[in-house]
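User: Can you take me through this one? I'd like the overall fold, then the aromatics.

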Amino acid sequence: GEDHPQTLGSLNTLASLLHDQGYLADAEDLFREALEKRKARLGEDHPKTLSSLNYLALLLTAQERVAEAKDLFCEALEKRK
C-alpha cells in the first residue's frame, strides 16, 4: 500500500536517485513525503524515520541550505540518543 514501510523505502530510494541525477527540487519533494509518511507510520524516533531526516538534510546541504540542514542533522542526532 501507499504507506507500507517497503513502499516508503522505495520512495526514499527514488528520491536518492533524483538527488544523484541533480533533480534536487523533485528529490526534496519526495524526501519530504517519505519523511512525513514515515513519521506517521513508524513514529518520529524510528531509525527509518531518522534516516529519512538525514537524507533530507544531505539534500539541503547540496542546495547550500546549510542552516536548515544543520537543524535536521541535529534533530536526527538528538533523537538517536
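Analyst: What follows covers the fold, the surface and the aromatic rings.
Analyst: This is a predicted model, so local features need pLDDT of at least 70, side-chain atom pairs count only at pLDDT 80 or more, and totals for chains, interfaces and linings use all residues. Residues are numbered from 1 along each chain as its sequence is written, and side-chain values use heavy atoms, with hydrogens and water left out.

User: How many helices and strands in the protein chain?
Analyst: Four helices and zero strands, counted as DSSP runs (H or I, at least four residues, for helices; E, at least two, for strands) numbered from the N terminus.

User: What share of the 81 residues is buried?
Analyst: Buried residues make up 32%; buried means under 20% relative accessible area, exposed over 50%, partly exposed in between, with a 1.4 Å probe and protein chains only.

User: Switching topic: how many aromatic pairs in the whole structure?
Analyst: The search finds one. Rings of Phe, Tyr and Trp (its six-membered ring) pair if their centres lie within 6.5 Å; planes under 30 degrees apart count as stacked, over 60 as edge-to-face and the rest as tilted.

User: Why is the pair of phenylalanine 31 and tyrosine 55 stacked?
Analyst: Because the planes are at 10 degrees, with the ring centres 5.7 Å apart. Phenylalanine 31 sits in helix H2 (residues 24-42) and tyrosine 55 in helix H3 (residues 47-62), 24 residues apart.

User: And phenylalanine 31, buried or exposed?
Analyst: Phenylalanine 31 is buried at 0% relative accessible area, whereas tyrosine 55 is partly exposed at 34%.
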